[in-house]
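Work through the exercises below with the model open, and compare each step with the solution that follows the task.

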Amino acid sequence: MRELRLPTIGALITIFILSIFSFGVRGEVQSEEGTLKVSFLDVGQGDSTLIESPTGTQVLIDGGVDSRVLTELSHVLGFFDKDIDMIIATHPDGDHIGGLIDVLMRYDVHTIVMTENKNDTPVAETFQKMVLEEGAKVIYARKGQVYDLGSGEAGSTTLSILFPDHDPTNLESNMSSIVARLSYGESSYLLTGDSPIEIEEYLVGQAGSALMSDVLKVGHHGSRTSTSENFITAVSPTYGIISAGKDNSYGHPHKEVVDRLTEHNVVQKNTADEGSIVSETDGSKIWFR
Ligand SMILES: [Zn+2]
């Protein structure tokens, strides 16, 4: 009996270890080779978007309000990935940078793109302190910066900064939001943080048809202070992604915005209804899963 029992226990341990390993691998959502993956993470009432380029470069734009982003990141990146190439803090409001504090504690971050705009809130001060401690390369975002995230079969993946075009220290926080356009082949995403209509109108005047994108991350969680008629017309998106919390106290997304997008035949997806929304593109078509 004794000789039989030992190998049986050994086999059980082996099966147990193998099942943990295979669960870990299955738990990740793997990018298909040569695709760009953009995940709109469900962080409740806040924003967090993860870009994974065809060569595996990872860029996290905002991190929601708290550590919830870590759970969502480990679902997408896998438990063992503890490096992020770049984080972008669009503006220093808690629902965007709160979770980035947790990200900086958990992950090695190589580059931090942010602006000079500061809030004197405790969360913004903690974020500033964490940025200094991280020892990452810090870049202040400016219009004209283009980050090459690596090439796939459809060409290079680029993240272009469209705003701010000057030092936004004296702007109201939402107005200072970094606006960026991501493109790979013929596919493109426009990411606007909490930019209000004043900035949208400014961008339409400055960039016009260069704003045109397949996917619009709808500004300010679908608040009526963003997503003007002119802006939707200029961007002309097929999809509108809303990042908002279920039954949030702001009533986001506001009905006017939903109606305006519907009139423009924009397919709307909301993290409050769907959880994290994962999109992928081969540079010509975009699909969701
Ligand atoms: Zn916000």
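**Exercise 1.** Determine at what angle helix H2 and helix H3 pack, and which residues make the contact.

*Solution.* Helix H2 (residues 68-77) and helix H3 (residues 94-106) pack with their axes 8 Å apart and at an angle of about 55 degrees, where axes are lines fitted to C-alpha atoms over the stretch in contact and angles run from 0 to 180 degrees between N-to-C directions. H2 and H3 are therefore oblique to each other, since angles under 35 degrees count as roughly parallel, over 145 as roughly antiparallel, 65 to 115 as roughly perpendicular and the rest as oblique. Arg68, Val69 and Leu70 of H2 meet Gly99, Asp102, Val103 and Arg106 of H3, contact meaning that C-beta atoms, placed from the backbone, lie within 7 Å.

This is a predicted model, in which local features need pLDDT of at least 70 and side-chain atom pairs count only at pLDDT 80 or more, while totals for chains, interfaces and linings use all residues. Residues are numbered from 1 along each chain as its sequence is written.

**Exercise 2.** Find which elements the buried residues of H3 pack against.

*Solution.* Among the buried residues of H3 are His96, Ile97, Leu100 and Leu104 (buried: 20 or more other C-beta atoms within 10 Å of the residue's own, C-beta atoms being placed from the backbone). The buried residues of H3 pack against H2, strand S3 (58-61), strand S4 (83-88), strand S5 (108-114) and helix H4 (122-134).

Methods:
Helix = DSSP H or I, 4+ residues; strand = E, 2+ residues; numbered from the N terminus. Contact = placed C-beta atoms within 7 Å. Buried ≥ 20, exposed ≤ 12 C-beta atoms within 10 Å, placed from the backbone.
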